[in-house]
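Me: I'm new to this one. Can you put it up and walk me through it?

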Amino acid sequence: QVQLVESGGGSVQAGGSLRLSCAASGYRYTYSMGWFRQAPGKEREGLAAIYTGSGNVYYSDSVEGRFTISQSKSKNTLYLQMNSLKPEDTAMYYCAATRTVVAGRERILPEKYNYWGQGTQVTVSS
């Protein structure tokens, strides 16, 4: 019983920044939460994940050094800070949660997550 709602998407120029938020009901029951994106005609791509208990984070190569995942347990909220945005970052962005133990690359595999938000659109123009 985890419900997720994303916010913070919008349109920005290349090189700009956005911070996405994900409000989570049932946060205490999750093991891992993550951020994913999907562009038209492409597979859903895992970007970053966090163990909600320890705060340990994991990133995909495509966003390492530009994006930062974080959480506020007191606010039951997950964040994704996105800097140095590129046009190829344009996509629908989703947060997700799982109660399942995940490790390594599987931490950012969409099929490991069973709770999903509705998504928030990010558009980066040149």
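Me: What lies over the face of Tyr79?
Reply: Arg19 does, at 4.3 Å from the ring centre. Keep in mind that this is a predicted model.

Me: And what sits over the ring of Tyr51?
Reply: The charged end of Arg107, 3.6 Å from the ring's centre.

Me: OK, on to rings with rings. How many aromatic pairs does a search of the whole structure find?
Reply: Four. One of them is Tyr94 with Trp116. That pair is edge-to-face. The centres are 6.4 Å apart, with 80° between the planes.

Me: Which strands do Tyr94 and Trp116 lie in?
Reply: Tyr94 lies in β9, residues 91-98, and Trp116 in β10, residues 115-116. So the pair ties together parts that are 22 residues apart in sequence.

Me: Is Tyr94 buried or exposed?
Reply: Buried, because its relative accessibility is 13% and the cut-off for buried is under 20%. Trp116 has 26%, so that residue counts as partly exposed.

Me: Which residues form the aromatic cluster?
Reply: Phe36, Tyr94, Tyr113 and Trp116 form one cluster.

Me: Switching to strands. What is the order in the open sheet of four?
Reply: β1-β3-β8-β7, with antiparallel pairing. The edge strands are β1 (3-7) and β7 (67-72). Each of these pairs on one side only. Neighbouring strands of the sheet are turned by 20° against each other on average, direction ignored.

Me: How many bridges join β3 to β8?
Reply: Six. β3 covers residues 18-25 and β8 covers 77-82, and they run antiparallel.

Me: What is the bridge partner of Ala23 in β8?
Reply: Thr77.

Me: Now the inside. How many residues are in the largest nonpolar core?
Reply: It has 29. Those with the most contacts inside it are Leu4, Met33, Leu78, Leu80, Met82 and Tyr93.

Me: Which elements give two or more residues to this core?
Reply: β3, β4 (32-38), β5 (45-51), β7, β8, β9 and β11 (120-125).

Me: Leaving aside neighbours within four places in sequence, what is Tyr93 in contact with?
Reply: Its contacts include Leu20, Phe36, Leu47, Phe67, Leu80, Met82 and Val122. Glu6, Arg37, Gly119 and Thr120 are also in contact with Tyr93.

How values were computed:
Residues are numbered from 1 along each chain as its sequence is written. This is a predicted model: local features need pLDDT of at least 70, side-chain atom pairs count only at pLDDT 80 or more; totals for chains, interfaces and linings use all residues. Side-chain values use heavy atoms; hydrogens and water are left out. Two strands pair if DSSP finds at least two bridges between them. Axes are lines fitted to C-alpha atoms, for helices over the stretch in contact, and angles run from 0 to 180 degrees between N-to-C directions. Rings of Phe, Tyr and Trp (its six-membered ring) pair if their centres lie within 6.5 Å; planes under 30 degrees apart count as stacked, over 60 as edge-to-face and the rest as tilted. Buried means under 20% relative accessible area, exposed over 50%, partly exposed in between (1.4 Å probe, protein chains only). A charge sits over a ring if NZ of Lys or CZ of Arg is within 6 Å of the ring centre and within 35 degrees of the ring normal. A nonpolar core is a set of buried Ala, Val, Leu, Ile, Met, Phe, Trp, Tyr and Cys residues joined through side-chain atoms within 4.5 Å. Contact means heavy atoms within 4.5 Å.
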